[in-house]
Amino acid sequence: MSPRINFNRSVIIKCDHQMIPAQSLDLSLYGMKIKNHPLDNCDNKNVEITFETDSIISLKGKMLSYRPGHSVVLFKESPEKIADTVGSFITKKIYEGKVCPYCKEKLQNREKICPKCSMCLDFTSPDVIKILKDFKIGKVIEKLTGTEKEKIEKGLEENKEMIGTSESMRKVFQLIRKFAPTDYPVLIIGETGTGKELTARAIHERSNRSSKPFVVVNCAAIPHDLLEAELFGYEKGAFTGADRRRIGKIEHANGGTLFLDEIGDMPYDLQSKILRFLQEFTFERIGSNETISADVRIIAATNVDLDEAVQNGTFRRDLYYRLSVLTIKLPPLRERGEDPVIMAKYFVERYSKELGKNIKGLTSDAIEVIRDHPWPGNVRELINTIRKAVVLTDKEYIDVEDLDLKIKNSSNGNENGYDVLNLKKNIEDLEKRLLKEAFIIAKGNVSKIAKLLGISRPKVYKLMEKYGVGEIIE
Ligand SMILES: Nc1ncnc2c1ncn2[C@@H]1O[C@H](COP(=O)(O)OP(=O)(O)OP(=O)(O)O)[C@@H](O)[C@H]1O
Ligand SMILES: [Mg+2]
């Protein structure tokens with residue numbers, strides 16, 4: 001496997017006969033990560049990248065952008081050239097660092113192979129590079145390990161089709177299990193595609209209503225003036241066009257669960273009728289005076305901030321209080337640790353099997369792109385991305401190109417409109433800055449850093465690795 005070294009330098013990218021200055025992030029035998037470059041026109045094009053190590057190096061490659069302002073240049077050069085240039089430089093850095101980049105074993109005498117983990121440490125020979133290339137190590141195929149698979153399958157069974165191994169999702173599963181057997185309403189909050197409907201179904205299926213209907217009403221998809229009829233039903237002649245009695249969704253859901261999706265879009269007047277139903281479990285069909293009772297559990301979901309809607313007067317405070325006693329907040333995919341990667345591997349296997357293809361996994365470059373992508377469309381976006389890649393690829397592994405993961409830039413064409421608001425990026429920048437400051441104050445003492453930052457030591461190690469703080473080699 002190729003080590004990746006932090007490589008924070010100015011580089012020049014030649015694309016379409018233009019010389020464009022850019023900033024690199026890191027370097028491996030397969031390519032270089034680039035940030036903040038005005039190179040959107042170079043996406044998917046052949047380029048030449050020039051940078052300085054101990055000498056000036058120019059390498060041909062292909063530019064692939066994986067989020068606005070962030071790209072990789074994948075080197076397209078012979079093993080001889082890679083060994084002579086990047087290979088020599090990485091090898092030199094490993095020996096200077098005196099630790100194995102894979103297992104962190106201390107190195108004494110420029111060993112070619114790590115005495116502890118047996119990984120290659122010397123990349124100056126074209127033969128080594130050729131072997132790496134032949135074995136597609138630039139394309140290291142990553143797939144689910146046995147344990148990961150076991151975990152997912154066990155999870156799928158326990159969590160009703162929901163995958164999640166991150167701490168934040170484990171908490172969600174706990175809440176689902178706790179809330180399911182009660183008959184109280186549940187409010188599910190989450191960005192689009194985070195699995196709100198799936199969560200509602202999981203609650204229903206784990207409740208003692210599971211043999212009864214699970215009925216979905218999307219409050220945003222139904223025109224406001226029809227929503228009341230949809231929910232409560234109507235009598236013949238109740239309004240023009242009501243030529244027969246119609247049972248509403250509440251009655252359909254009797255004994256089971258009614259899932260009110262996008263509840264934030266429910267008209268204000270109707271909110272009081274739903275509140276009454278939640279309090280008394282009775283209602284009247286439109287055009288009737290007969291009071292009907294129904295045994296229905298309500299689960300509601302929203303991707304808007306209901307708190308704010310209450311402040312703005314568009315959502316009833318009393319309904320909000322009633323609904324939000326039991327709340328599940330689904331974290332966006334970008335805040336679920338390794339979940340995007342694990343899910344990607346899982347869905348590659350699943351769709352490959354379903355489509356009768358023989359795809360062995362994803363390349364390590366693809367995995368990195370998946371890890372870095374902010375997934376604004378969350379799990380839905382991830383599933384669609386993988387499904388499309390599996391359908392379209394002719395290769396044995398899914399590579400960066402197959403993922404086609406580009407986020408369209410904001411309309412003014414620069415990345416600022418995107419990055420300024422990007423919560424993940426802002427949090428990461430802050431995290432990195434504080435970590436660096438703590439590192440300097442604590443002179444690299446991890447226990448001290450942990451104390452200063454108020455986090456655990458394992459978390460410090462994780463962040464150091466994530467941001468490359470305190471080490472040359474990741
Ligand atoms: N944890 C998960 N594991 C596996 N699949 C998931 C998970 N979460 C969501 N999905 C899948 O992702 C897709 C989107 O999920 P779902 O429709 O429940 O999201 P949502 O939050 O209701 O989205 P929206 O706000 O757009 O309605 C579905 O295909 C669902 O099966
Ligand atoms: Mg939904």
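Because the model is predicted, local features need pLDDT of at least 70 and side-chain atom pairs count only at pLDDT 80 or more, while totals for chains, interfaces and linings use all residues. Residues are numbered from 1 along each chain as its sequence is written, chains are lettered from A and ligands numbered from 1 in the order in which they are written, and side-chain values use heavy atoms, with hydrogens and water left out.

On a 1 Å grid over the protein atoms alone, a cavity is a set of points where a 1.4 Å probe fits but cannot get out, whereas a pocket is an open set with protein on both sides within 12 Å along at least five of seven lines; lining residues have an atom within 4 Å of a point. Points are joined across faces, edges and corners, and a volume is the space filled by probe spheres set on them.

The second largest pocket holds about 560 Å³ of space. It is lined by 24 residues, and G193, G195, L198, V379 and I383 are the closest to its centre. Helices (H or I, at least four residues) and strands (E, at least two) are DSSP runs numbered from the N terminus; α5 (196-206), α11 (339-354) and α13 (378-392) each supply at least two residues of this lining. Because domain 2 (142-148 + 333-403) and domain 3 (167-329) both contribute lining residues, the second largest pocket lies between them; the domain bounds come from an automatic or database assignment.

Three cavities of 30 Å³ or more are counted. The largest cavity has a volume of about 100 Å³ and is lined by 14 residues, with R4, V72, L74, D365 and E368 nearest its centre. Two or more lining residues come from each of β4 (31-35), β7 (70-75) and α12 (364-372), and α12 gives the largest share, four residues.

Attention now turns to ligand 1. Around ligand 1 are 15 residues (a heavy atom within 4 Å), of which I163, T192, G193, K196 and R380 come nearest. Polar contacts are pairs of N or O atoms within 3.5 Å; within protein, one must be able to donate a hydrogen and the other to accept it, and residues adjacent in sequence count only if both atoms are side-chain atoms. A polar backbone atom of I163 is 2.7 Å from a nitrogen atom of ligand 1, and a polar side-chain atom of T192 lies 2.7 Å from an oxygen atom of the ligand.
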